[in-house]
Amino acid sequence: MTSSTLEHCFQALDALSEEFQIEQIERPGFAGIFSCMHAKSGLEAILSLHDLTLGPALGGVRCYPYSSQNEALSDVMNLSRAMTHKAAASGLPIGGGKSVLCAESSKLSSTALRAFGRFIDAFSGQYIAAKDVGIGISELQEIRKATEYVAGWSRDIGGPSKFTAWGVVAGIEVSLEQVFGSSSCKGKTIAIQGLGGVGMALAEFLFWKGAQLIVSDTDPQKARFCAERFSAQVVSKDALLFVPCDVLSPCALGGVLFEENIGSVRAKIVAGGANNILASPQVADEMDKRGILYAPDYIINAGGLIRLVTEKLAGVNDPLQGKCRVEEIASTLRSIYDVARVQKISTMAAADLLVAERLRQGRASNAH
Ligand code: NAI
């Protein structure tokens, strides 16, 4: 599939023009970016389709009170690019896309969610929406009233977050094996930033595996819950990134590690569920120099996506198959660590090489 696939969607977008203000934002390297305003419901959204080489894009909807359209645009572009990487590295037949709703999630109305559903419906399945920060199953169900192109909406099946957390556990274990010679979490200190769908499930899995947890969340109730249930030590959100620990696991928002703060990180391993943990690729090089092992985020946080795609492709709910596929993250990560060691490049650069190769193969097979 190529970006020309989107030409078929323009007629459907035109049909919305009486009610919606939709504009295409041109950016090199992206299949298509569209901003969408719906005055009646107050919806302000941006959809970014990064790459459709391997198939239609499946990616979460993030709801966040961005301070400007530029901030939202930069976030959605980075997130959609990460989805391309995640899908390609996991060997999934899908492309990379993501959308953002510019709003406080508590103030998001059901009319705005349904309007968003109508907007994405115009893409006839080239974009399939799923959960991300600020969007839960109830919101997905509201979007689904206006479009069939939604994944992970069923309460019976459950959202993807636990599968994501399970993949992060696999990533942490492989990383422990590299650094300490054993994959066991027993007695290891693991600091988790953010206790939402992913972070809380991760805390529970790691508790049962014997890790000692240090946690923070901007919501003190979640942190308290984690302390009571999993004997976690609670620290402030500003302190969490810099506590001495074996593994630092950012599971809130992205861009938390940058060139100015990486020198203060006292973890031996960084392995988290958040998308785009590093503000730039240079941070990966800096971590390499400082002897901090980085498990590339889009490799180890692919569990939820793997689960959604496995379910969608099979057409039936098969959690066991999803779990087994998620556990393959361990072997993918191990081979990335091997390539990084042999080629003397950062683990991030090694992961990017794998993605580039998968996209090259996809383009070659599309050309035939
Ligand atoms: P969520 O919205 O359920 O949880 C985020 C949590 O982080 C909330 O509890 C929030 O209070 C907390 N938080 C926000 N800022 C914080 C800060 N500065 N310090 C400490 N806590 C903070 O989101 P979810 O679904 O758990 O996703 C977390 C991250 O994982 C996001 O970056 C998301 O893009 C990424 N991700 C999620 C997947 C999923 O399956 N849910 C899949 C792949 C990536």
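In which sense do strand E10 and strand E11 pair, parallel or antiparallel, and over how many bridges? In this model, which is predicted, strand E10, formed by residues 245-250, and strand E11, formed by residues 267-270, pair in the parallel sense over three bridges. Within this pairing, Leu-248 has Val-270 in E11 as its bridge partner. In general, the strands of a sheet pair through backbone hydrogen bonds, and the pairing may be either parallel or antiparallel.

The two strands belong to an open sheet of six strands, in which the order is E9-E8-E7-E10-E11-E12 and the pairing is parallel. The edges of this sheet are formed by strand E9 (233-234) and strand E12 (293-294), each of which pairs on one side only. Helix H6, which spans residues 197-208, lies across strand E7 (189-193), strand E8 (212-216) and E10, and runs at about 165° to E7.

A further arrangement concerns two helices. Two packed helices are described by the angle between their axes and by the distance between the axes. For helix H13 (residues 329-343) and helix H14 (residues 347-367), the axes come within 8 Å and cross at roughly 115°, which means that H13 is roughly perpendicular to H14. The crossing in which H13 passes H14 is right-handed. On the side of H13, the contact involves Thr-332, Ile-336, Tyr-337, Val-339, Ala-340 and Gln-343, and these residues meet Thr-347, Ala-350, Ala-351, Leu-353 and Leu-354 in H14. Of the residues in the contact of H13 with H14, eight are nonpolar and three are polar, while no charged residue takes part.

Definitions and conventions:
Residues numbered from 1 in each chain as written. Predicted model: local features only at pLDDT ≥ 70, side-chain atom pairs only at ≥ 80, totals over all residues. Heavy atoms only, no water. Pairing = 2+ DSSP bridges. Helix = DSSP H or I, 4+ residues; strand = E, 2+ residues; numbered from the N terminus. Contact = heavy atoms within 4.5 Å. Axes fitted to C-alpha atoms, helices over the stretch in contact; angles between N-to-C directions. Parallel < 35°, antiparallel > 145°, perpendicular 65-115°, else oblique. Left-handed = near helix turned anticlockwise from the far one by under 90°. Nonpolar A, V, L, I, M, F, W, Y, C, P; charged D, E, K, R; others polar.
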